[in-house]
Amino acid sequence: MATQAVIRTGGKQVIVSTGDVIDVELLASAEEGLDVTFDDVLMIVDGENSTVGTPKVEGATVTAKVLKEVKGEKTRAVFFRRRKDSMTTKGHRQRYHQVEITGINA
């Protein structure tokens, strides 16, 4: 079994292992090809051994490489005012960074 870690990024918790490609909230000052480090590691599982942080595992980091910036699915919001003959439609596409996990450092 490969080493796995639970990291917190963008207000979400994600289970990752080396080689995984995940979508995370837009990271500040991150461009394609750059390496990023996630310091907010909540748990590490290595075979039979597991380390649970209180709340974080001290000294543990997860490194990743930014692959590209992607857009999510379009969501539509419709504002309808009854009996007023008025309706407004808005759309939104959330932007994400797609990252590949390159290492888990305990």
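In this predicted model, lysine 12 counts as partly exposed because its relative accessibility is 47%. Its partner in a salt bridge is glutamate 25, which is partly exposed at a relative accessible area of 23%. Since lysine 12 belongs to strand S2 (residues 12-17) and glutamate 25 to strand S3 (residues 21-25), the pair ties together parts that are 13 residues apart in sequence.

The count of salt bridges comes to 3, as listed below.

| Salt bridge | Closest N and O atoms |
|---|---|
| Lysine 12 and glutamate 25 | 2.8 Å |
| Arginine 8 and aspartate 40 | 3.0 Å |
| Arginine 95 and glutamate 69 | 3.0 Å |

Arginine 8 forms a salt bridge with aspartate 40. This pair links distant parts of the chain, 32 residues apart: arginine 8 is in strand S1 (residues 4-9), and aspartate 40 is in the loop between strand S4 (35-38) and strand S5 (41-46). Arginine 8 is partly exposed at 34% relative accessibility, and aspartate 40 is partly exposed at 21%.

Arginine 95 forms a salt bridge with glutamate 69. With arginine 95 in strand S8 (residues 86-105) and glutamate 69 in strand S7, the pair ties together parts 26 residues apart in sequence.

Strand S7 (residues 61-81) also supplies the largest share of the positive patch, 3 residues. That surface patch is formed by Lys71, Lys74, Arg76 and Arg93. A nonpolar surface patch of about 360 Å² is made by Val78, Phe80 and Met87. Phenylalanine 80 lies in strand S7 and counts as exposed because its relative accessibility is 60%, the cut-off being over 50%.

Key:
Residues are numbered from 1 along each chain as its sequence is written. This is a predicted model: local features need pLDDT of at least 70, side-chain atom pairs count only at pLDDT 80 or more; totals for chains, interfaces and linings use all residues. Side-chain values use heavy atoms; hydrogens and water are left out. Patches are made of residues with over 30% relative accessible area and no salt bridge: like charges are joined within 9 Å, nonpolar side chains (Val, Leu, Ile, Met, Phe, Trp, Tyr) within 5 Å. Accessible areas come from the Shrake-Rupley method with a 1.4 Å probe; for residues, only the protein chains shown count as cover. A salt bridge is a side-chain nitrogen of Lys or Arg within 4 Å of a carboxyl oxygen of Asp or Glu. Lys and Arg count as positive and Asp and Glu as negative; His and the chain ends are not counted. The place of a charge is taken as NZ of Lys, CZ of Arg, CG of Asp or CD of Glu. Helices (H or I, at least four residues) and strands (E, at least two) are DSSP runs, numbered from the N terminus. Buried means under 20% relative accessible area, exposed over 50%, partly exposed in between (1.4 Å probe, protein chains only).
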